[in-house]
Amino acid sequence: MKKKYLALMLMTLLGFYPTCGQTTTENTVTDWKGFKKYEFKYSDRQAWYVEPQQALPGKPWVWRAHFPNWHTDMDSILLSRGFHIAYINANDLYGHPKAMQVWDDFYGHLISDKGFSPKVALEGVSRGGLYVYGWAKRNPDKVSCIYAEAPVCDPRSWPGGKGKGEGAPKQWAEWLALYGLTDTQATSFTDYPIQDLKGLAAYKVPILHVVGLSDEVVPVAENTELLVSQYIKLGGPAAVYPMTRGPQKLKGHHFEIENPEKLADFIYNNSVPVKSPLTRAPYLEKNAGLANAFETFTRTKKGTVAFLGGSITHNPGWREKTAQYLQERFPETTFNFIAAGIPSLGSTPHAFRFSKDVLQKGTPDLLFVESAVNDRSNGFSKEAQIRALEGILRQMYTQNPKASVVMMAFADPDKNADYAAGREPVEVLVHQLIAKKYGAAFINLSREVYDRMQAGEFTWEYDFINLHPSPYGQEVYFQTIKTLMRDQQPPAAGAMKLSAPLDKYAYTNGHYVSLEKAISRKGFSIDSAWKPKDKVGTRAGFVDVPMLVAEEAGSSFELDFEGSAVGIAIISGPDAGSISFSIDGKKAEKRDLFTQWSPQLHLPFYLLFADQLKQGKHRLKVEVLDEQHAKSKGHAVRIVHFLVN
């Protein structure tokens with residue numbers, strides 16, 4: 001395993017980065033202030049880079065956005081110090097997501113083919129601010145610092161002219177047409193530099209704005225002041241340098257640059273020495289890859305993408321960024337995104353709720369699955385995890401044999417402890433095993449987080465913060481997922497032909513059974529929209545829904561079912577009781593429904609009473625016992641679903 005990690009790390013350090021098949025023409029070499037300028041076309045767009053006479057180790061570089069020949073004194077200084085300067089012409093796109101795709105590809109070309117540093121200093125002049133912040137927010141791990149000169153930070157200020165600035169009607173019309181918005185719709189537009197700075201700030205990317213205080217074209221108060229104040233509130237390092245010496249032209253928007261050496265120092269000091277973070281390649285196993293889903297998105301112009309997991313999937317962060325990336329990568333595709341993350345739930349609940357929470361909302365072309373964190377905390381055995389994850393994938397491929405699947409193992413303190421002790425976490429190994437068996441892509445994010453912390457890139461306490469990741473942690477997850485999606489995929493695998501499962505008791509037909517099927521009820525009744533009477537919290541999907549409820553000892557019911565497994569999904573709150581159950585009249589067993597989390601939460605909890613029954617008809621009997629956990633306040637049994645495989 002260690003040899004594999006080292007080999008893959010070398011691949012990226014030696015320049016491996018996907019560029020999605022873009023084409024490059026031959027270089028034309030010209031002189032630029034005594035330096036060699038290499039001009040070429042990259043995917044039909046004019047591009048160039050200027051080469052220093054002696055490059056610094058690691059090849060640090062500056063990326064100019066728009067107006068690349070404006071105020072070049074700082075670039076000359078940096079070239080003399082060993083930096084490269086680069087540019088690609090996407091000037092007709094106003095920082096639109098189409099431009100971000102161009103930038104992603106061009107970045108990949110310079111990293112993989114030219115050996116430039118994996119972190120770049122961005123320079124944005126005027127409307128170039130739309131580009132540098134648009135790309136930096138999508139790639140905060142790839143930016144060493146941002147220098148912005150009179151930058152546009154809100155297109156409604158310029159070219160919109162919706163504030164004190166005069167605006168630019170022609171450019172505003174172009175911007176509206178590009179984004180497909182009306183003037184009214186633009187008021188609620190959010191994809192601009194001032195918005196969503198959390199990830200960039202979490203990475204502590206330094207920013208420096210130089211401005212003219214009398215700028216009437218891009219007013220400072222509507223642009224730089226708003227962005228910088230927001231950035232600082234989020235913990236990002238920022239500075240503003242007003243330019244007051246020399247003539248102020250174009251209504252204060254053009255001004256002379258004071259002390260370009262100091263500004264060059266800002267970029268130099270934040271870029272040198274070049275630091276190369278660990279490559280992501282060792283944590284990605286493509287297996288069959290994502291080509292099937294991508295082919296469907298491109299051919300049909302429709303796509304269904306489902307996110308199945310626990311709280312890390314439910315919470316905002318990597319899921320939303322992944323959806324945004326797919327929409328930007330396939331702009332002509334209409335997507336149905338299914339958010340099926342429910343906090344506290346792991347692979348066994350996912351297998352039984354997959355039909356209701358995913359398939360009833362659409363058949364996925366691409367499915368993301370995570371359960372490694374909750375499988376550990378909820379105590380599911382290795383065998384149960386295999387049966388559950390196999391069940392999910394077999395249900396998926398039965399419905400859509402050409403689906404692509406991504407399985408992920410997220411980080412938590414227990415897994416960090418395993419790695420520190422030289423152990424591979426069982427949950428991670430199970431995810432990896434099932435992914436390989438069924439051709440699903442696998443991302444070992446738990447190992448990546450641990451390795452990056454060991455390499456000194458960040459800390460758990462101050463950066464990642466929790467198993468529910470901070471904005472920094474969400475970016476770590478997303479950037480690796482994005483790398484998988486951008487990477488060259490194996491050829492389309494075609495339809496999946498299911499072979500025999502690893503475990504014959506896999507939850508291939510796991511599903512919910514109606515509460516109405518309960519018979520011989522004594523003390524149990526259906527509450528059509530249960531909600532707690534106390535002030536203890538709940539989970540979405542497990543409140544204001546029907547429940548089969550009993551609160552008195554001696555209550556009982558029976559359930560006839562057909563299959564190899566049976567169980568219940570319950571709400572386990574502060575008054576959770578204990579039950580006995582028996583199947584087909586055999587000896588009864590006991591289960592305490594109170595959990596360590598019950599005092600703080602009406603927790604959704606899934607219990608399987610048996611999962612290796614002989615296929616056929618069976619009868620389950622459940623009775624509420626006159627005993628309870630020492631910390632419980634009652635005998636409540638609240639059943640949300642019956643589980644049958």
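Modeller: The accessible surface of the protein chain (Shrake-Rupley method, 1.4 Å probe) comes to about 26,400 Å², and 51% of that area belongs to carbon and sulfur atoms. This is a predicted model, in which local features need pLDDT of at least 70 and side-chain atom pairs count only at pLDDT 80 or more, while totals for chains, interfaces and linings use all residues. Residues are numbered from 1 along each chain as its sequence is written, and side-chain values use heavy atoms, with hydrogens and water left out.

Of the 645 residues of the protein chain, 59% count as buried, where buried means under 20% relative accessible area with a 1.4 Å probe, protein chains only. Helix H3 (residues 97-112) is mostly covered, since 15 of its 16 residues are buried; helices here are DSSP runs of H or I with at least four residues, numbered from the N terminus. The end C-alpha atoms of H3 are 22 Å apart, which agrees with the 22 Å that its 16 residues should span at 1.5 Å a residue, the expected span being 1.5 Å times one less than the number of residues.

Another helix, H5 (residues 169-179), holds Leu 178. Leaving aside residues up to four places away in sequence, Leu 178 touches Asp 92, Leu 93, Tyr 94 and His 96, a contact being heavy atoms within 4.5 Å. By comparison, the C-alpha atoms of Leu 178 and Phe 557, which lie 379 residues apart along the chain, are separated by 62 Å, and the C-alpha atoms of the protein chain fill a box of roughly 90 × 50 × 45 Å along the principal axes.

Technical notes
Helix = DSSP H or I, 4+ residues; strand = E, 2+ residues; numbered from the N terminus. Buried < 20%, exposed > 50% of the residue type's maximum accessible area, 1.4 Å probe, protein only.
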